[in-house]
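Here is a short tour of a protein model with more than one part to look at. Keep the picture open as you read.

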Amino acid sequence: MNPYLKLLGIGLLATFHSAVGIAQSSGDPAKGKEIVAKTCVACHGVDGNGPVPNFPKLAGTDAGYLLKQLREFKNKRRTSEVMEPIAGALSADEMADAAAFFASQKPAPGTVKDPSLLDAGKKLWTDGNPTSGVPACAGCHGDRGQGDERYPRLAGQYSEYTQDQLGQFKSGKRKNDKRQMQAVADRMSEQEIKAVAEYIANLP
Amino acid sequence: MNHLSRFAIPLIVTLLAPAVLAEVEQQPRAPGIETKGYVWNKPDEEKARALKHKADPLKGKAAYKGCQGCHKPDASGRPDDDYPQLAGQHASVLIKQMVDVRAGRRDNPKMHPFVGDWVVSAEDVADIAVYLNSLPTPTNNGKGDGKNLALGKKLYEKDCVGCHGDNGEGDEGKFYPMVTGQHYRYLLRESRQIRDGVRRNAYPKMVTVIKKYSDADLEAVSDYMSRLLPAKAAAK
């Protein structure tokens, strides 16, 4: 094959891919609602406020963030025995649609189990732990834990799920975030993890 | 259990354990002032890329999000601890320091996981630096106890003013930091580390100048510096 033609082909392919990439990030929430009702409902609920604390609430989470996670479950950059086959069965468009639907939903408030931990949790959230080098969570996740495309919404999340994810970062099982949360979780004590998870559950 | 597995299991565990622990990136160590032939602010490919980049403060603001958990949204750092104030600092200085932490010429294992090249590019570093430079320098920074300001003034005017300037403004072109608005605790910690050869990306001439300083001298001059006002405010 003529090397110039080959180069042209690669260039065209790259252009095509990036065009598709842009199209994928804006999903259709109406189509997403159907996908969620069929595929996600058992764990995440009809509106992304699932009833089981092992499974994260997704309502109100940024669509770009959710789409990235779905892609990474599919390509195994983020490992989960549960999510891998589910994300693996979704097309790129279906992922974008489901992400857009969850993002459009109203998050339900969380529940606090141990209010005695809230003060310690608040301190970590707003101020971090400068001695061990834990940054304030609010720095990236926002004052109210609202999150954005790069840093997920945390407000109202189940404390069980938050603790599980911090544990996964700490152990190195989860590292699909440029390993920043690994550094953070690695510096947190078990008690700090519990406390901040309670504080997050309490954020409206 | 047979003999093989009795030995094999602990062996496998031992082999796997460091691999798991090694997941958190360790800061590399590059030669610094302790090394013969050390050249301060030596040209470096990454620094050149950052300095050449047409930096965008808006992009820098977005990238700075990953820094503000420690340095605070207004970049004022912490007077009660060792996180420096960064608002209004020269972009050249911020670029040099970030590049030095990335390369391991300035030891900072706390910061390294958030400024490593797998997190931010050389261009992001420049964007962050330009954004921070655009922020107003606060004057409510941490100060010392104010007991030895006369000594601090004398030392500053004798040894420091030539590089750091009358108002502590430093020099963008020469990569000399602005010390105005900086927290006392941070100034003291860094000047100690520079004197003691612990800050490995230090300017050798400064090390020579403050080598003879006692802790009390460093406290006095740090206190004096922490009270310097930006030129505009000082003129009022």
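Chain A has 10 helices and zero strands. Read from the N terminus on, its elements run α-α-α-α-α-α-α-α-α-α. Keep in mind that this is a predicted model. Of the 204 residues in chain A, 43% are buried. Now take the contacts in chain A with a separation of 6 or more: residues 24 or more positions apart account for 71% of them.

**Domains**

Chain A is divided into domain 1 (23-104) and domain 2 (115-202). Their C-alpha centres lie 22 Å apart. The contact takes 13 residues from domain 1 of chain A and 13 residues from domain 2 of chain A. On the domain 1 side, these residues divide into three nonpolar, five polar and five charged.

Chain B has its own assignment, with domain 1 (45-134) and domain 2 (149-231). Here the C-alpha centres lie 21 Å apart. Domain 1 of chain B gives 15 residues to the contact, and domain 2 of chain B gives 14 residues. The side of domain 1 of chain B that touches domain 2 has three nonpolar, six polar and six charged residues.

| Domain 1 and domain 2 of chain A | 22 Å | 13 residues from domain 1, 13 residues from domain 2 |

**Where the chains meet**

How many residues does each chain bring to the contact between chain A and chain B? Chain A gives 16 residues and chain B gives 17 residues. On the chain A side, helix H7 (137-141) and helix H9 (180-186) of chain A are the elements that give two or more residues. H9(A) gives the most, with four residues. By class, the chain A side has six nonpolar, six polar and four charged residues.

**A residue in chain A**

Next, zoom in on A:Phe102. This residue lies in helix H5 (residues 92-104) of chain A. Is A:Phe102 buried or exposed? A:Phe102 has 29 other C-beta atoms within 10 Å. The cut-off for buried is 20 or more, so A:Phe102 counts as buried. Leave aside its neighbours within four places in sequence, and A:Phe102 is in contact with A:Gly48, A:Leu58, A:Ala59, A:Thr61 and A:Leu66. A:Phe102 and A:Lys33 are 69 residues apart along the chain, yet their C-alpha atoms are separated by 8.2 Å.

**A residue in chain B**

Now turn to B:His112. This residue is found in helix H6 (residues 112-115) of chain B. B:His112 has 20 other C-beta atoms within 10 Å. Buried means 20 or more, so B:His112 is buried too. Beyond its neighbours within four places in sequence, B:His112 is in contact with B:Gln27 and B:Val101. B:His112 and B:Gln26 are 86 residues apart in sequence, but 7.9 Å apart in space, C-alpha to C-alpha.

**Two crossing helices**

Two packed helices are described by the angle between their axes and the distance between the axes. From H3(B), the contact is made by B:Pro57, B:Lys59, B:Gly60, B:Lys61, B:Ala63 and B:Tyr64. From H7(B) come B:Asp124, B:Asp127, B:Ile128, B:Val130, B:Tyr131 and B:Ser134. The residues of this contact divide into six nonpolar, two polar and four charged.

**A covered helix**

Finish with helix H9 (residues 184-195) of chain B. This helix has 12 residues. From its first C-alpha to its last, H9(B) reaches 16 Å, close to the 16 Å expected at 1.5 Å a residue. How many of its 12 residues are buried? Nine are, and H9(B) is mostly covered. Among them are B:Tyr184, B:Tyr186, B:Leu187, B:Leu188 and B:Ile194. B:Arg185, B:Glu190, B:Ser191 and B:Arg195 are buried as well. The buried residues of H9(B) pack against helix H10 (204-210) and helix H11 (215-226) of chain B. Just after H9(B), B:Gly197 takes a positive phi of about 75°.

Terms used
Residues are numbered from 1 along each chain as its sequence is written. Chains are lettered from A and ligands numbered from 1 in the order in which they are written. This is a predicted model: local features need pLDDT of at least 70, side-chain atom pairs count only at pLDDT 80 or more; totals for chains, interfaces and linings use all residues. Two residues are in contact if their C-beta atoms, placed from the backbone, lie within 7 Å. Ala, Val, Leu, Ile, Met, Phe, Trp, Tyr, Cys and Pro count as nonpolar, Asp, Glu, Lys and Arg as charged, and the others, Gly among them, as polar. The expected span of a helix is 1.5 Å times one less than its number of residues. Domain bounds come from an automatic or database domain assignment.
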